[in-house]
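Here's a quick briefing to read alongside the sequence and the 3D view. Have both open and follow along topic by topic.

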Amino acid sequence: MSAVVVSSVTKIFNQGRTDEVVALSDVDLTVGEGEFVSLIGPSGCGKSTLLRLIADLIAPTTGTVTVAGKSAGTARKEQAYGIAFQQSGLFEWRTVLKNVELPLELRGTPRAERKARAEEMLALVGLADFAGHYPAQLSGGMQQRVAIARALAVQPPLLLMDEPFGALDEMTRERLQSELLSICAKTGTSTVFVTHSISEAVFLSDRVVVMSPRPGRITASIPIELPSRDDAGRQSPLYFECITAVRQSLRGTPARSVS
Amino acid sequence: MRRALYVLIGVAVCAVLWEGYKLVGSPDGAVLLGVRVLPRADDLSMPHLWTVVERLGRPELTGGRPVWIVVVNACLFTLGITAAGFAIGALVGLVLAALMQRFRIVERGLLPYVILSQTVPLVALAPLVAGWNVLWPGWMTVALIAAYLAFFPVAVGMLRGLQSPAPAGVELMRSYASGWWRTLVKLRFPASLPYLFPALRLAGAAAVVGAVVGEISTGTRGGIGRLIIEYSREATSDPAKVYTAMLGAALLGLLVAGLVSLLELPLMRHRRHVEVVTL
């Protein structure tokens, strides 16, 4: 079963008004189980809109979104996915641990169990020692790691990420990318990852989905098969070939298939 | 410790200004083109501070209780009314803010009237409220007038606070399948605390004013508002006396402000400035 199926989805904001915007036009997307898919494109191409549709934070104008065989609405109510945004969105009045516990708390998980799970997730993102800190005490990169731990806390089969590393510096970014990959590999999570960085998309993904704006639509879907996802992978010729392929797709020249 | 020192310095500065003006000001004040621009500095208008303090120790009337006991009792009476008014006002303000946050149409329809409510003169309103005085004791009427002033800052401040969470937080709660109530409890209410507490301080001050003015305009006996009126009738023969009552009212205001500040201590402990760990 596919983790996500988006079929012929159109999203029109402010329909019927003078400020009507066609954000997405007839989009089809399938994310396989355990697959890491990046959505890339210039701003205004509807990649965040597409992510929000999958998360059922907004409803499609036409078309259907299916998450793990269920409608997006049902999947949201069952907390079938974890989500992380560009802003960490941590609650400043809660400690790091309590922030990670939040989704478990709302699910009604018993206190001892959610504490254990949250501690486990914090260890996963390397912040076990900061459980008692408040978000304001942490740097931006650490806050983002807490947000990722929070998204993973319910051990969702699907992870949705909207430019989670967008506000971070290059070094922190690369380290978190590696961490994210190892977490996904460990947990077998399917991931939809929105980014506007070509190198980030190529390094992380099994498949890069290229989108173009006005109206937002998918123009290419480029499979990436790197020999390894580490520093060696970052330097392999294939990595640069893939980057070129994605860049060409973004510019509108027909995508060359990558061997 | 340092704060207490600043408070003392503040009091000292006020005392020096008062006595200093008495020293240099003309006893008849200053009149410019028929308009009095500086108050009279004679003993009748501005008694010496030590006269006021000394008056506190002497009996109210010959053979009566000392003035300070009368003033303290009156302040305690008014403090009770203020507390009741503050509690009612804060509760009404919170409920209104939550309703306005929940239903946009309520915000649009109600907010103008909430603001309008504060432009109605209290003195005009007080007899009206007193007219309903059939079901509750007289002090309750005054408490309602205090509540009428106190609810406003809470409603407006709390509405801002409830609307303060970033869209990311709201979307996050939605992704957790949380309804309006849980989002209110887990996100909007905690996020509103930095807005709520300044609003409560304003509400506390407003409740004191409401209680004092309410007592005067409804003729309720026993409180500090009434005492100011009673003592001011003797202002020509005993000018220091009315200042003792005013001193009491001012201290009452400070006491209420202090008590309201105490409310926030346990809740705002973690909002203090902290050092950022960089790793």
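Ala206(B) counts as buried because it has 25 C-beta neighbours inside 10 Å; the cut-offs are 20 or more other C-beta atoms within 10 Å of a residue's own for buried, 12 or fewer for exposed, and partly exposed in between, with C-beta atoms placed from the backbone. Ala206(B) belongs to helix H8 (residues 180–218) of chain B. Bear in mind that this is a predicted model, in which local features need pLDDT of at least 70 and side-chain atom pairs count only at pLDDT 80 or more, while totals for chains, interfaces and linings use all residues. As for labels, residues are numbered from 1 along each chain as its sequence is written, and chains are lettered from A and ligands numbered from 1 in the order in which they are written.

**Around Ala206(B)**
- Leaving aside residues up to four places away in sequence, Ala206(B) touches Leu149(B), Ala150(B) and Pro153(B); a contact here is two residues whose C-beta atoms, placed from the backbone, lie within 7 Å.
- Ala147(B) sits 59 residues from Ala206(B) in sequence, and the two are 8.5 Å apart in space, C-alpha to C-alpha.

**H8(B) and its packing with H7(B)**
- Helix H7 (residues 167–175) of chain B packs on H8(B) at an angle of about 145°, with the axes 10 Å apart. Axes are lines fitted to C-alpha atoms, for helices over the stretch in contact, and angles run from 0 to 180 degrees between N-to-C directions.
- H7(B) contributes Gly169(B), Val170(B) and Met173(B) to that contact, and H8(B) contributes Thr183(B), Lys186(B) and Leu187(B).
- By class, the contact of H7(B) with H8(B) has 3 nonpolar, 2 polar and 1 charged. Nonpolar covers Ala, Val, Leu, Ile, Met, Phe, Trp, Tyr, Cys and Pro, charged covers Asp, Glu, Lys and Arg, and the others, Gly among them, are polar.

**Chain B overall**
- Chain B has 10 helices and 2 strands; helices (H or I, at least four residues) and strands (E, at least two) are DSSP runs, numbered from the N terminus.
- Starting at the N terminus, the order of elements in chain B is α-β-β-α-α-α-α-α-α-α-α-α.
- Of the 279 residues in chain B, 34% are buried.
- The C-alpha atoms of chain B fill a box of roughly 70 × 60 × 45 Å along the principal axes.
- Among contacts in chain B with a separation of 6 or more, 71% link residues 24 or more positions apart.

**The six-stranded sheet of chain A**
- Chain A has an open sheet of 6 strands, ordered E6-E7-E8-E3-E9-E10, with mixed pairing; two strands pair if DSSP finds at least two bridges between them.
- Strand E6 (81–84) and strand E10 (217–223) of chain A are at the edges with a single partner strand each, so one side of each has no neighbour in the sheet.
- From one strand to the next, the twist averages 15°.
- Strand E3 (residues 36–40) and strand E8 (residues 190–195) of chain A run parallel, joined by 5 bridges, and Phe36(A) stands opposite Thr191(A) in E8(A).
- E9(A) and E10(A) run antiparallel, joined by 6 bridges, with Met211(A) opposite Ile218(A) in E10(A).
- The E9(A)–E10(A) hairpin has 4 residues between its strands, and Arg214(A) in the turn has a positive phi of about 45°.

**The four-stranded sheet and H1(A)**
- The order E2-E1-E4-E5 describes an open sheet of 4 strands in chain A, with antiparallel pairing.
- Its edge strands are strand E2 (21–31) and strand E5 (70–71) of chain A, each pairing on one side only.
- Helix H1 (residues 47–54) of chain A lies across E3, E7, E8 and E9 of chain A, at about 150° to E8(A).
- H1(A) also lies across E1, E2 and E4 of chain A, at about 120° to E1(A).
- H1(A) is mostly covered, with 8 of its 8 residues buried.
- After H1(A) comes Asp56(A), with a positive phi near 60°.

**Interface and confidence**
- At the interface, 20 residues of chain A contact 20 residues of chain B.
- The side of chain A that touches chain B has 12 nonpolar, 6 polar and 2 charged residues.
- The predictor gives the complex an ipTM of 0.81 and a pTM of 0.79.
- Chain B averages a pLDDT of 85, and 95% of the residues score at least 70; pLDDT is the predictor's confidence in each residue, from 0 to 100.
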